[in-house]
Amino acid sequence: MNKIMIALFAIYELSLSIPILPPPPPIIPQLPIMPSLPIIHIPTHTSTPGNMIYNTPCSRTACPLGSCACPSYPTIPCPPINVDNPGNGWNAQFNAAGTCYGAQININYGEHGMTRNLAAINVNAPNALYNARITFTNKQTRETPKVTVINCRSGLCAGATFEFIRMDYADIKCDWYLGCGAGCTVILHGGHPIPCDQVSTT
């Protein structure tokens, strides 16, 4: 009996000499570090009768504010740019390389309008409208507006699409030798795309 008591006492003394350690901290899994993504300018919706003028160049690596380009196209399409009821004589100018790359521009005429003509679409720089689409839609009941001229000059409308819904154009002007630009197409009233070079004049 004494031996048992001595053994228990020895165990008790030993337990007092062992420090009590705090529990280990929980293991938190490390999340992978995501690569930084480039800042992409997404054009906002616009509705204005003022002339459309873009002078800011845009590329895949640098696309500052002031352009209407969608550099993420076609992976991530950007919101369309809407121009509602521009008046007679309205025009659009694309004056810098890539300035509206991949953009969707909708020029809309509402049913109560009286517009007869859109003066001009002037493309003045390489790839300014590459992969871009300009859609002209007429819902006017009294007038059918017409785009007076689309100026593509020496191949500057490469990759552009011009679509006309219930309206038309008078002329597409392109260089005699270089044409309107590879991939430039016209779509009339839901028909098949037509190469700009087949319907252009010099």
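Predicted model: local features only at pLDDT ≥ 70, side-chain atom pairs only at ≥ 80, totals over all residues.
Local features require pLDDT of at least 70 and side-chain atom pairs count only at pLDDT 80 or more, whereas totals for chains, interfaces and linings use all residues. Residues are numbered from 1 along each chain as its sequence is written, and side-chain values use heavy atoms, with hydrogens and water left out.

Strands (E) are DSSP runs of at least two residues, numbered from the N terminus, and two strands pair if DSSP finds at least two bridges between them. Six strands form an open sheet of mixed pairing in the order E2-E4-E6-E8-E11-E12. Its edges are strand E2 (81-84) and strand E12 (194-195), each of which pairs on one side only. Strand E8 (residues 161-165) runs parallel to E11 over four bridges, with Thr161 opposite Thr185 in E11.

Three salt bridges (a side-chain nitrogen of Lys or Arg within 4 Å of a carboxyl oxygen of Asp or Glu) are present. One of them joins Glu163 and Arg133 at 3.0 Å, N to O. Glu163 lies in strand E8 and Arg133 in strand E6, so this pair ties together parts that are 30 residues apart in sequence. Glu163 is buried (under 20% relative accessible area) at 13%. Arg116 also forms a salt bridge, with Glu143, and the closest N and O atoms are 3.3 Å apart.

Tyr177, in the loop between strand E10 (172-174) and strand E11 (185-188), is exposed with a relative accessible area of 74%.

Technical notes
Buried < 20%, exposed > 50% of the residue type's maximum accessible area, 1.4 Å probe, protein only.
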